[in-house]
Amino acid sequence: MIRPILRYGERVLQQPAADVTRFDRTLEQLIDDMVATMYAAPGVGLAAPQVGVPLRVFVVDDSAGTTHHGLVVMINPVFVERDGMQLEEEGCLSVPGFNATVVRPARAVVRGLDRAGNEHTIEGLGLLARAFEHEMDHLDGRLFVDRLRGIRRDLIVRKIQKLKRAGKW
Ligand SMILES: [Zn+2]
């Protein structure tokens with residue numbers, strides 16, 4: 001089932017998410033729905049807070065569903081390593097219509113649990129490294145806009161506030 005994606009300004013997007021403690025039907029359904037929602041958007045990643053669930057779960061597919069080999073499900077993830085640096089344009093399904101250049105690691109290794117509760121460690125390079133840090137940020141209540149500084153951030157926030165006032169956000 002495709003779930004509505006919450007937008008910038010929703011409280012759940014600004015709060016740190018909690019660890020998953022129960023591997024049950026509800027979690028299975030959440031993951032299935034997150035994958036369906038990500039592919040339908042389409043996007044390369046989605047974190048549980050974006051569908052209003054404050055749990056440390058994200059899904060990423062750097063092929064955006066074109067291969068189905070690229071799907072990564074991470075539960076209670078932590079960074080094992082992060083190195084290098086890349087500067088690329090990125091966006092977010094919770095901030096539709098906006099893009100910005102964000103500093104991200106060139107390589108990121110994430111360890112977490114898969115949907116069966118087994119530990120797995122995945123190395124991301126390039127787009128996948130960027131997606132890993134973007135989604136980890138979501139689990140800590142942070143959006144890419146929050147990584148911007150000064151007028152670049154103010155400009156986006158002001159445009160969003162304008163859209164909100166016009167009832168278009
Ligand atoms: Zn995002």
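The largest pocket has a volume of about 230 Å³. Here a pocket is an open set of points, on a 1 Å grid over the protein atoms alone, with protein on both sides within 12 Å along at least five of seven lines, and its volume is the space filled by probe spheres set on the points. This is a predicted model, in which local features need pLDDT of at least 70 and side-chain atom pairs count only at pLDDT 80 or more, while totals for linings use all residues. Residues are numbered from 1 along each chain, and side-chain values use heavy atoms.

Helices (H or I, at least four residues) and strands (E, at least two) are DSSP runs numbered from the N terminus. By class, five lining residues are nonpolar, six polar and four charged.

Now turn to M85, in the loop between strand 3 (71–83) and strand 4 (86–90). M85 counts as exposed because its relative accessibility is 55%, and exposed means over 50% with a 1.4 Å probe, protein chains only. Together with L87 and V103, M85 forms a nonpolar patch on the surface, with about 300 Å² of accessible area. Patch residues have over 30% relative accessible area and no salt bridge, with nonpolar side chains joined within 5 Å.

Conventions
Patch = residues over 30% accessible without salt bridge, like charges linked within 9 Å, V, L, I, M, F, W, Y side chains within 5 Å. Areas by Shrake-Rupley, 256 points an atom, 1.4 Å probe, with all protein chains shown as cover. Salt bridge = Lys/Arg side-chain N within 4 Å of Asp/Glu carboxyl O. Buried < 20%, exposed > 50% of the residue type's maximum accessible area, 1.4 Å probe, protein only. 1 Å grid on protein atoms, 1.4 Å probe; cavity = no way out; pocket = protein on both sides within 12 Å on 5 of 7 lines; lining within 4 Å. Nonpolar A, V, L, I, M, F, W, Y, C, P; charged D, E, K, R; others polar.
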